[in-house]
Amino acid sequence: MEEDDHKELQLLPSQQSLASSSSCSLMSFRPPDSNSLSDGKVDTGCVEALKWQAAEQIRLAAIEKAYAERVRELTRREMELAQSEFARARHMWQRAREEAEKAERMKERATRQIDSTCMEITCQSCRQRFKPA
């Protein structure tokens, strides 16, 4: 991730290129007067700097778009993984609940059997069964 940050920093225009294009930026905010256009006095250096600046902005926008798409894809994968893990956890919880219910039923059955066994007392000498009152 740090490597992406370094790449992003390297893609920013340098101070020198900003300084050269900033001297021409005023021209982009005001229309040139008609005399300079008819005389052919438009500074081609400024035009080139503006073209370079526009191209650089387009290039940076494309890089940012690619980065955003990559982040979106990674986020989508993480969401799918989280949903899968959640489904697996829900399944495990259901199995544990079923096992607990099964154990409770076995306990109740064993308790009933013990209760019925305790209710019958057999005399060992005569083999007669007695039921307590």
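Mentor: The chain has an accessible surface of about 11900 Å², and carbon and sulfur atoms account for 57% of it. Accessible areas are from the Shrake-Rupley method with a 1.4 Å probe, and for residues only the protein chains shown count as cover. Please note that this is a predicted model: local features need pLDDT of at least 70 and side-chain atom pairs count only at pLDDT 80 or more, whereas totals for chains, interfaces and linings use all residues. Residues are numbered from 1 along each chain as its sequence is written, and side-chain values use heavy atoms, with hydrogens and water left out.

Trainee: What share of the residues counts as buried?
Mentor: Of the 133 residues in the chain, 6% are buried. Buried means under 20% relative accessible area, exposed means over 50%, and partly exposed lies in between (1.4 Å probe, protein chains only).

Trainee: Which helices and strands does the chain have?
Mentor: There are four helices and two strands, in the order α-α-α-α-β-β along the sequence. These are DSSP runs numbered from the N terminus: helices are H or I with at least four residues, and strands are E with at least two.

Trainee: And what share of the contacts joins residues at least 24 apart?
Mentor: That share is 38%, taken among contacts in the chain between residues at least 6 apart in sequence. A contact means heavy atoms within 4.5 Å.

Trainee: Turning to charges, how many salt bridges are there?
Mentor: The structure holds six. A salt bridge here is a side-chain nitrogen of Lys or Arg within 4 Å of a carboxyl oxygen of Asp or Glu. One of them joins Arg59 to Glu56, with the closest N and O atoms 2.6 Å apart.

Trainee: Where do those two residues sit in the chain?
Mentor: Both belong to helix α4 (residues 44–119); because they are three residues apart there, Arg59 and Glu56 are separated by about one helical turn.

Trainee: Is Glu56 buried or exposed?
Mentor: Glu56 is buried, at 11% relative accessible area, while Arg59 is partly exposed at 35%.

Trainee: Which residue does Glu73 pair with?
Mentor: Glu73 forms a salt bridge with Arg76, and their closest N and O atoms are 2.5 Å apart. Glu73 and Arg76 are also three residues apart in helix α4. Glu73 is partly exposed at 26% relative accessibility, and Arg76 is partly exposed at 39%.

Trainee: Which residues are in the network of salt bridges?
Mentor: The network links Glu73, Arg76, Arg77 and Glu80.

Trainee: What about Arg88 and Glu85?
Mentor: Their side chains meet in a salt bridge at 3.2 Å, N to O. Arg88 is partly exposed at 49% relative accessibility, and Glu85 is partly exposed at 38%.

Trainee: Which residues form the positive surface patch?
Mentor: Lys102, Arg105, Arg109 and Arg112 form it. Patch residues have over 30% relative accessible area and no salt bridge; like charges are joined within 9 Å, and nonpolar side chains (Val, Leu, Ile, Met, Phe, Trp, Tyr) within 5 Å. Arg112 lies in helix α4 and is exposed, with a relative accessible area of 54%.

Notes:
Lys and Arg count as positive and Asp and Glu as negative; His and the chain ends are not counted. The place of a charge is taken as NZ of Lys, CZ of Arg, CG of Asp or CD of Glu.
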